[in-house]
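Me: I'd like to learn how to read a strand and its neighbours from a model. Could you walk me through one?

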Amino acid sequence: DKSEVYEEEEETKISDMITFPLEDFDLKPFVNNPNLPSDYFSKELNGDGLTGNEELKYDLVGVIHHIGSLNSGHYIAYAKNAKSGDWYLYDDERVRKVESTAQIVTDTAYILFYQRK
């Protein structure tokens, strides 16, 4: 009777720092067709041709951070107010205005939300 022994690998959270832009993130070099389906519809109706030169620049509007280990931790979010342009930190029931965007770009950033300009 053979019994197999499985070694459990210790899983660790990747904590490499990845820098990301807050404004004007240009994806055009990485995209073959920059047009949205809605671009085709509106430009065909107007008789305008699609040039393929449409900009693909994005601004960061939100970031979720995970603080802790792979198995446990805490999530916080940063979001940019669309009207004022101010950033806010959302931490459970606490919300506060962010004075410096330096705290947004850290090694705990987990999910980024960009909006096309």
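This is a predicted model: local features need pLDDT of at least 70, side-chain atom pairs count only at pLDDT 80 or more; totals for chains, interfaces and linings use all residues.

Me: How many bridges join β3 to β4?

Reply: Four bridges link strand β3 (residues 73–80) with β4, and the two run antiparallel.

Me: Which strand pairs with β4 in the hairpin with two residues between the strands?

Reply: That is β5. Strand β5 (residues 94–97) and β4 pair in the antiparallel sense over four bridges. Asp91 has Arg94 in β5 as its bridge partner, and Asp92 takes a positive phi near 55° in this hairpin.

Me: Which residues of β4 lie on the covered face, and which on the uncovered one?

Reply: The general idea is that side chains in a regular strand alternate between the two faces of the sheet. In β4, Trp87, Leu89 and Asp91 form the covered face, while Tyr88 and Tyr90 form the uncovered one.

Me: Let's take Leu89, then. Why does Leu89 count as buried?

Reply: Buried means under 20% relative accessible area. Leu89 counts as buried because its relative accessibility is 10%. Leu89 belongs to strand β4 (residues 87–91).

Me: Leaving aside neighbours within four places in sequence, what is Leu89 in contact with?

Reply: Its contacts are Ile76, Ala77, Tyr78, Arg94, Val95, Arg96 and Val98. Take Ile76: it is 13 residues from Leu89 in sequence, yet their C-alpha atoms are 7.3 Å apart in space.

Definitions and conventions:
Residues are numbered from 1 along each chain as its sequence is written. Side-chain values use heavy atoms; hydrogens and water are left out. Buried means under 20% relative accessible area, exposed over 50%, partly exposed in between (1.4 Å probe, protein chains only). Contact means heavy atoms within 4.5 Å. Two strands pair if DSSP finds at least two bridges between them.
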